[in-house]
Amino acid sequence: VLSLTPDSGPYSGGTAVEVKALGLEAIPVGAITCHFGDTLVAGVFVDSDANLFSFRCIAPALEGMPDFLTHKTLLVKLGINGTSEVPSTGGQFTYYTAPHVQSISPGIGFVSGGEEVRVEGTGFRSTASCKFGEELSEAKVVSPSSVVCVSP
């Protein structure tokens, strides 16, 4: 395994992860499985370029995590029909707690947008974004408990 994109997702699972690996030409494309620690899921072929193969796997939910943990990193490896792992070093995927919003200020704004909106809560990560209706807005993470976005 050369890379995982993205390399993190929420404990609840559901993150579509693109896995890139070398040297899989002798393995039937439909036989690839992804192993997130001890849990395996189907790998779906995406593309190949010479010796580089891309697969998409949906990260499974991570069950039974203690409340005091904010993240846990697992090794992700490829397998063949879920039975034997492809020899590789694997890649690391980090599960994290979903952010929790406690307050949004201001609660109203102009239709024309352009206003800073402060979101307070817990568990914000550097990759955070804000969604206003169906529109995404880039977020500036001030701290793990504060994010500032500009309304579209």
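**Pockets, sheets and confidence**

Modeller: Let me begin with the second largest pocket, which has a volume of about 160 Å³. The model is predicted, so to speak of local features we need pLDDT of at least 70, and side-chain atom pairs count only at pLDDT 80 or more, while totals for chains, interfaces and linings use all residues. Residues are numbered from 1 along each chain as its sequence is written, and side-chain values use heavy atoms, with hydrogens and water left out.

Colleague: What makes a set of points a pocket and not a cavity?

Modeller: On a 1 Å grid over the protein atoms alone, a cavity is a set of points where a 1.4 Å probe fits but cannot get out, whereas a pocket is an open set with protein on both sides within 12 Å along at least five of seven lines. Lining residues have an atom within 4 Å of a point. By that rule, Thr 70, His 71, Tyr 96, Thr 97, Ala 98, Thr 122, Gly 123, Phe 124 and Arg 125 line the second largest pocket.

Colleague: How many residues of each class does the lining of the second largest pocket have?

Modeller: It has three nonpolar, five polar and one charged. Here Ala, Val, Leu, Ile, Met, Phe, Trp, Tyr, Cys and Pro count as nonpolar, Asp, Glu, Lys and Arg as charged, and the others, Gly among them, as polar.

Colleague: What is the volume of the largest pocket?

Modeller: About 330 Å³, where a volume is the space filled by probe spheres set on grid points that are joined across faces, edges and corners. The largest pocket is lined by 17 residues, and the closest to its centre are Val 101, Val 119, Phe 124, Ser 129 and Cys 130. The lining has eleven nonpolar, four polar and two charged residues.

Colleague: Which strand gives the largest share of that lining?

Modeller: S13, with four residues. Strands S11 (100–105), S12 (116–122) and S13 (129–132) each supply at least two. Strands (E, at least two residues) are DSSP runs, numbered from the N terminus.

Colleague: Where do S13 and S14 sit in their sheet?

Modeller: Five strands form an open, antiparallel sheet in the order S11-S12-S15-S14-S13. S11 and S13 stand at the edges with a single partner strand each, so one side of each lacks a neighbour in the sheet. A hairpin joins S14 to S15 through two residues, and Lys 140 has Val 148 in S15 as its bridge partner.

Colleague: What is the order of strands in the sheet that holds S1?

Modeller: Four strands form that open sheet, in the order S1-S3-S7-S6, with antiparallel pairing. Strand S3 (residues 16–22) and strand S7 (residues 52–58) pair over seven bridges, and Ala 21 has Phe 53 in S7 as its bridge partner.

Colleague: Where is confidence lowest, and where highest?

Modeller: On pLDDT, the predictor's confidence in each residue from 0 to 100, strand S9 (residues 84–85) is lowest at a mean of 62, and strand S15 (residues 146–150) is highest at 94. The chain mean is 86, and 92% of its residues reach 70 or more.

Technical notes
Two strands pair if DSSP finds at least two bridges between them.
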